[in-house]
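Thanks for coming. I have a few parts of one structure to go through, so please have the sequence and the model open.

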Amino acid sequence: MRTSRGAWWLAGLLAGIAGLAVSYCIALVITVRDDPVSAVAELVIRLTPGPVVERAIQAVGRHDKTVLVGVILVLLAVLFAWTGQLARGSWWAPTVVYGVLAIVGAVAVGSQRGASGVDAVGVVAGFVTWLACLALLTSPLRRAEQPGAPVDDGHTRRSFLIRAGLIAGVGVTAGIAGRAIGVGRRRVEEARRLLRLPGVTAPRVPRGANVDVPDMTPWMTPADDFYRIDTAIYVPAIQPTDWQLRIHGMVDREVVIDFQQLVDRHLTEAWVTICCVSNDVGGPLIGNAWWSGVRVAELLREAGVQPGADAVLQTSDDGWTCGTPLGALTDDRNALLAVAMNGKPLPIDHGFPVRTIVPGLYGYVSACKWVVEMKVTRFADITAYWTERGWSELGPVKISSRIDVPRGGGEIAANGGRVAGVAWAQHTGIERVEVDVDGREDWQPTELARVPNDDTWVQWVATLDLDPGDHVLRVRAIDKNGLVQTGEEQGAVPDGATGWHTIGVTATD
Ligand SMILES: Nc1nc2c(c(=O)[nH]1)N[C@H]1C(S)=C(S)[C@@H](COP(=O)(O)O)O[C@H]1N2
Ligand SMILES: [Mo]
C-alpha cells in the first residue's frame, strides 16, 4: 500500500513545529534570555554588516526583527516538511537535519550576553521532541507501506490523525504556556534591571579576605556562580510594585509593608555566607555575598511579638514554607529582608524582589526567597516544607571546612606545595583550621585569611612538605567556642553532614 506524500510532509511539519514550541516554552520559562528562534534572528542581525541592517530597517521599518523571525520560520517550515520526506527513506537523514538546526540554535542561544548551560536546555528538549514526534507520526505511515500491509486505509489514517492532533495540541499548549509565563518573567527582569536602590552600596571585598593561591575559590561569590536550591519548577516573577509582606500571627499589630516602604527604610548591609543543609562534606552548596536589606528584628519589634512565640513561619510567593527560630530573627545578628546581593537587586532566581537571609542557619529553615508572609507562631503549632519531609526543625549551620586547592586527585608540589580552602561556623566564627597528612592525626596549623565578621566563611592556607608520591589530606576547623569539627561521618539528613573533607593528591618534584 502507498501512503500519500502529503502525510509525510505533514508529519515533518508537525514534528518540527512541536519541537520549536517545546524549545520556546522551556527557554521562556526557565531562562530570561531569548528563545532559540529569536536568538538566531539576533545572531543574524549581529553578524550582518551595519549598512545592510540599516537598509533593511529602512525597507521594513523597525519591525526588522519580527520580519526576520518570520522569514526564519518560513524557511524552517520548508525544512521541516522536507525532513518528513527524508524520513520516508531513512532515519539518519532527518536526524542530521535536526542536529544541524539544534547546533545553530545552541550557538545562537549561547552567544547571548550572560548565557550559561541552562540556556541550552530548551534547544536539547526541542531536538528530542523533533525526533520523538517524527517517530510517532511516521510509524503508522511506515507500517502501512510495509509489503503485505492490509489494503484498508482507515486504520492508518485514524492512527495518524490521532497522533497528529495530539502533537499539535501539545505544541500549541507549550507555546501558549511559555508565552504566558515567560513574558511576565521578562517584564520582571526588565524592572529589575531598571531598579535603582539608593541605600545599596557596591561590595568592597575586605583586604586580606582572599588568600593568594592560584585557582582558589573567590571569597565573594559572584551572583552567577552562587549555588541555587529551590523547589520552584518555574521561579516566581514578582514586580516590585506588586510585592507585599504581611507580618501577622502572635503579634500586637499586623504589619503590611510594600517594596517602596521597605527600601525607604534604613538598609543594613553585611557579608553573610549561606549554605544548604544538603551540602555534603566538601560540597559546593555554599556561597558568600554582600547582602543589603532591612533588619527583620526591626519589623518584628514594630509588630510587637507576643509572649510564648518561638517561631516564624515564612511563606514564599510560590507556596514554599520554612519555620525559623524567632530568636535568630530578633537577636543582634543581621537577619535581613534582603533586597540586594553583591550591590545589585536580587537575581530573580535568588528571590527577587525580597528574600530572607539569616546568619548561622541553613537555608531550608531561614533563607526564604520571594518571601511574602511571616507568621509569628510556635514550633509546636506548625510544620514547614522540609520538616514535613523528615528534616530537623532547627537548622543551625554545623561547623565545617573544605579543601579547594589542590582538587581531589590533583597534584601538589612536593616541597613547599600549598593547600588552601575555606572553613565556616557562621555566627560563631572560626578560630583555627588544621590539616592532617596521611591520617597521622598530626594536625598542623594553617594560616587564616582575614574576615570582616563571624558570619562569613574564612579562607585558610598551609604550606606542606610532602614526599613525592600519593598522599591523603584532611582538614578540620575549630570555632571560637573551642568546638572541634567532628570527624564522625554523618549524611546530610536530617540536620547537616559531618566529617572531615578528605582528598587524595599526588606530590611531584
Ligand atoms: N521560596 C523558596 N525559598 C527557598 C527555598 C525554596 O525551595 N523555595 N530553598 C531554601 C534552601 S533549602 C536554600 S539552601 C536556600 C538557597 O538559596 P539560593 O538558591 O539563593 O542559594 O534558599 C532557601 N529558600
Ligand atoms: Mo538548602
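I will begin with a definition. A disulfide is a covalent bond between the sulfur atoms of two cysteines. Here, a disulfide is counted when a pair of cysteine sulfur atoms lies within 2.5 Å. Please keep in mind that this is a predicted model.

How many disulfides does the structure hold? It holds zero. Take Cys275 as an example. The closest cysteine sulfur to the sulfur of Cys275 is in Cys276, at 7.7 Å. The cut-off is 2.5 Å, so that distance is too far for a bond. Are these two cysteines buried or exposed? Cys275 is buried, with a relative accessible area of 2%. Cys276 is buried as well, at 9%.

Next, a hairpin. Strand E5 covers residues 311-316, and strand E6 covers residues 321-325. E5 and E6 pair in the antiparallel sense, over five bridges. Within that pairing, Gln314 stands opposite Cys322 of E6. Four residues sit between the two strands, and in this hairpin Gly319 takes a positive phi near 95°.

Now stay with E6. How many of its five residues are buried? The count is five of five, and the strand is mostly covered. On one side of E6 are Thr321, Gly323 and Pro325, and on the other are Cys322 and Thr324. These residues are all buried, and both faces of the strand are covered.

Look at Ser401: it stands opposite Ala423 in E13.

Last, the surface. Val60, Val67, Val71 and Leu75 make a nonpolar surface patch of about 320 Å². Which helix gives the most to this patch? That is H4, residues 64-89, with three residues. Val60 is placed in helix H3, residues 50-60. Its relative accessible area is 37%, so Val60 counts as partly exposed.

Conventions:
Residues are numbered from 1 along each chain as its sequence is written. Chains are lettered from A and ligands numbered from 1 in the order in which they are written. This is a predicted model: local features need pLDDT of at least 70, side-chain atom pairs count only at pLDDT 80 or more; totals for chains, interfaces and linings use all residues. Side-chain values use heavy atoms; hydrogens and water are left out. Two strands pair if DSSP finds at least two bridges between them. Patches are made of residues with over 30% relative accessible area and no salt bridge: like charges are joined within 9 Å, nonpolar side chains (Val, Leu, Ile, Met, Phe, Trp, Tyr) within 5 Å. Accessible areas come from the Shrake-Rupley method with a 1.4 Å probe; for residues, only the protein chains shown count as cover. A salt bridge is a side-chain nitrogen of Lys or Arg within 4 Å of a carboxyl oxygen of Asp or Glu. Buried means under 20% relative accessible area, exposed over 50%, partly exposed in between (1.4 Å probe, protein chains only).
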